[in-house]
Amino acid sequence: MGVTHHGRTHRLDLADPSLREWECTVLHSDLEQGIVLDRSAFYPGGGGQPPDHGVLLWQGVQTRIVGTRKADDLWLIPAEGDPLPPAGTIVVGAVEDERRSRLMRTHSGLHVLCGVVFRDFGALVTGGNMEPGEARMDFNLPEVPADFKARIEELVNAEVAADRAVATRVLPREEALALPDIIRTQSNLIPPDEREVRIVDIVGLDVQADGGTHVASTAQIGKVRVVKVESKGRANRRVRIRLAD
């Protein structure tokens, strides 16, 4: 569960984050819980990345998808008032491209930021969140130089311009945890019962466990602006970033 499947749903979003449209079958459908598909490219949310939006198209009807609830199954949440396709219906799913693409760029931008801060300042992540095109990441960083904001922006954009490949792979838990510095958060957030771990590798900069969607290379992120650096306690610094376009 979580890497290739979640409950009854085969996850297409992690196998091919460029996929935006696919055919699938409705396994369960009701007004209170939502819709379960046999195959889904909707990213369900997690690790600070919000869930996808999109539509299901069936028999000339459209059902808007506005979120996902993760339980034993992945439950797609339809927009209020939209019709629900009955179980057994073959539908076409479509992810909203602009939102997903900006989230992928934003998420990869956060990994570049994380890699730079870890490499140059030795700081671990204590929290983070993102929306399409903007995000924040908190670091265990008691002291920062006066020019920290400008330096970080310059260093991040140098790595973006380097056009580093962003590769993913899935490893057995023991093999993944044996990789040096694979956990970049202050506490290990990998569930203890997860037997496989997905690794995101910004080649030459950052390797860490991660379950989100990413661009194929850092150049696709585009220019990153560091809009603010805040103090969030004695040892925590919050870095806010925004994509330039």
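This note goes through a predicted model point by point, from the whole chain down to single residues.

1. Ground rules. The model is predicted, so local features need pLDDT of at least 70 and side-chain atom pairs count only at pLDDT 80 or more, while totals for chains, interfaces and linings use all residues. Residues are numbered from 1 along each chain as its sequence is written, and side-chain values use heavy atoms, with hydrogens and water left out.

2. Overall make-up. The protein chain has 3 helices and 16 strands. Helices (H or I, at least four residues) and strands (E, at least two) are DSSP runs, numbered from the N terminus. The C-alpha trace spans about 60 × 40 × 35 Å along its principal axes. The radius of gyration is 19 Å, close to the 18 Å of the globule rule for 245 residues, so the chain is as compact as a globular protein of that length. That radius is taken over C-alpha atoms, and the rule is 2.2 Å times the number of residues to the power 0.38.

3. Burial and contacts. Of the 245 residues, 46% count as buried. Buried means under 20% relative accessible area, exposed over 50%, and partly exposed in between (1.4 Å probe, protein chains only). Take contacts between residues at least 6 apart in sequence: 65% of them join residues at least 24 apart. Contact means heavy atoms within 4.5 Å.

4. Aromatic pairs. A pair of aromatic rings is described by the distance of the centres and the angle of the planes. Rings of Phe, Tyr and Trp (its six-membered ring) pair if their centres lie within 6.5 Å; planes under 30 degrees apart count as stacked, over 60 as edge-to-face and the rest as tilted. By this rule there are 2 aromatic pairs. In one, the ring centres of Trp22 and Phe42 are 5.3 Å apart and the planes stand at 75°, so the pair is edge-to-face. Trp22 lies in strand 3 (residues 21-30), and Phe42 lies 20 residues away in the loop between strand 5 (39-40) and strand 6 (54-58). Trp22 is buried at 6% relative accessibility, and Phe42 is buried at 1%.

5. The Phe pair. Phe121 and Phe148 are also edge-to-face, with 5.1 Å centre to centre and 80° between the planes. They link distant parts of the chain: Phe121 belongs to helix 1 (residues 97-121) and Phe148 to helix 2 (residues 148-161), 27 residues apart. Phe121 is partly exposed at 22%, whereas Phe148 is buried at 2%.

6. Helix 1 against helix 2. Their axes come within 9 Å and cross at roughly 115°. Axes are lines fitted to C-alpha atoms, for helices over the stretch in contact, and angles run from 0 to 180 degrees between N-to-C directions. The contact includes Val112, Leu113 and Phe121 of helix 1, and Phe148, Ile152 and Leu155 of helix 2.

7. Positive phi. Most residues other than glycine have a negative phi. Gln59 has a positive phi of about 50°. Gln59 sits in the loop between strand 6 and strand 7 (61-70) and is exposed at 67%. Asp163 has a positive phi near 55°. Asp163 sits in the loop between helix 2 and strand 12 (166-172) and is partly exposed at 42%.

8. Pro180. This residue is in the loop between helix 3 (173-177) and strand 13 (196-202). Pro180 is exposed, at 66% relative accessibility.
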